[in-house]
Amino acid sequence: MPQPTSHPTPHRRGPDWMFGGVYGTVLASALLAALDQRGGHYTPLADAAWILVTAAAAALAHGYAHHMADHQAGTAAHRWRLLARALWNEWPMVAATLPTLLLLLLAEIAHWEPYGVTAVGLGLNTALLFAWGAFVALRVGYRIASALLIGLADAAIGLAIIVANAFIK
């Protein structure tokens, strides 16, 4: 009979594209709204860089926090491998910002006005949040009506950012 260990086995987790997708999309929306300054000099490439840097920093912090919370005994090399895996597993959060980054790149190339870019970006990200919620709900077995309600709940986060942006600015 196997002997119980003194340390519980840490939860093994791989890249969580649902969590990363929602988190990264919300992060991109909030930053897009915050970086849009009325009357200031509009710099879509700088905004894109800040969104990418912030998403990468958030992903690193989240992966590191998971690694520290799931600490287990072992050699230093083993712990470094676990840390590297925990950090790598956060790639979906950064990948979820790509639609916003692409929009900002197009805005730079086409010289779009900042108000339109922000409005389109926030609308696009709200639609993506709806899609994330509904798709994953369907994938894990919810019926279509429930999946659509879950999608609406995710989209409500995007709508909250749109409303906050309107009130703050």
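Colleague: How many helices and how many strands are there in the protein chain?

Modeller: The model is a predicted one. From the N terminus on, its elements run α-α-α-α-α-α-α. The protein chain therefore has zero strands, and the number of helices is seven.

Colleague: Among contacts between residues at least 6 apart in sequence, what percentage joins residues at least 24 apart?

Modeller: Contact here means heavy atoms within 4.5 Å. Among such contacts in the protein chain between residues at least 6 apart in sequence, those joining residues at least 24 apart make up 75%.

Colleague: Are α2 and α5 roughly parallel or roughly antiparallel to each other?

Modeller: The axes of helix α2, residues 44–69, and helix α5, residues 98–110, come within 8 Å and cross at roughly 165 degrees. Angles over 145 degrees count as roughly antiparallel. The crossing is left-handed. The two helices, α2 and α5, are therefore roughly antiparallel.

Colleague: How do the residues of the contact of α2 with α5 divide into nonpolar, polar and charged?

Modeller: On the side of α2, the contact is made by Pro44, Leu45, Asp47, Ala48, Ile51 and Leu52. On the side of α5, Thr100, Leu101, Leu104, Leu105, Ala107 and Glu108 take part. The division is nine nonpolar, one polar and two charged.

Colleague: Which residues have the most contacts inside the largest nonpolar core?

Modeller: In soluble globular proteins, nonpolar side chains tend to be buried together. The largest nonpolar core here has 18 residues, and α1 (17–35), α2, α5 and α6 (114–139) each supply at least two of its residues. Those with the most contacts inside this core are Leu27, Ile51, Leu104, Val117 and Leu122.

Colleague: Leaving aside its neighbours within four places in sequence, with which residues is Leu27 in contact?

Modeller: Leu27 is one of the residues with the most contacts inside the largest nonpolar core. Once its neighbours within four places in sequence are set aside, the residues in contact with Leu27 are Thr54, Ala55 and Ala58.

Colleague: Is Asn125 buried or exposed?

Modeller: Asn125 has its place in helix α6. Apart from neighbours within four places in sequence, Asn125 is in contact with Thr25, Ala28, Ser29 and Thr100. Because its relative accessibility is 0%, Asn125 counts as buried.

Colleague: Is α1 roughly parallel or roughly antiparallel to α7?

Modeller: α1 and helix α7, residues 144–168, pack at an angle of about 10 degrees, with their axes 10 Å apart. Angles under 35 degrees count as roughly parallel. The relation of α1 to α7 is therefore roughly parallel.

Colleague: How do the residues of the contact of α1 with α7 divide into nonpolar, polar and charged?

Modeller: The contact is made by Met18, Val22, Val26, Ser29, Ala30 and Ala33 of α1 together with Asp154, Ile157, Ile161 and Asn165 of α7. These residues divide into seven nonpolar, two polar and one charged.

Colleague: Is the crossing of α6 and α7 left-handed or right-handed?

Modeller: The axes of α6 and α7 come within 7 Å and cross at roughly 155 degrees, which means that α6 is roughly antiparallel to α7. The residues of their contact divide into 17 nonpolar, six polar and one charged. The crossing of α6 and α7 is right-handed.

Colleague: Is His111 buried or exposed?

Modeller: His111 has its place in the loop between α5 and α6. Its phi is near 55 degrees, a positive value in a residue other than glycine. Because the relative accessible area of His111 is 65%, the residue is exposed.

Colleague: What distance separates the C-alpha atoms of Trp88 and Gly121?

Modeller: Trp88 lies in helix α3, residues 76–88, and counts as exposed because its relative accessibility is 58%. Trp88 and Gly121 are 33 residues apart along the chain, and their C-alpha atoms are separated by 27 Å.

Conventions
Residues numbered from 1 in each chain as written. Predicted model: local features only at pLDDT ≥ 70, side-chain atom pairs only at ≥ 80, totals over all residues. Heavy atoms only, no water. Axes fitted to C-alpha atoms, helices over the stretch in contact; angles between N-to-C directions. Helix = DSSP H or I, 4+ residues; strand = E, 2+ residues; numbered from the N terminus. Parallel < 35°, antiparallel > 145°, perpendicular 65-115°, else oblique. Left-handed = near helix turned anticlockwise from the far one by under 90°. Nonpolar A, V, L, I, M, F, W, Y, C, P; charged D, E, K, R; others polar. Core = buried A, V, L, I, M, F, W, Y, C linked by side-chain atoms within 4.5 Å. Buried < 20%, exposed > 50% of the residue type's maximum accessible area, 1.4 Å probe, protein only.
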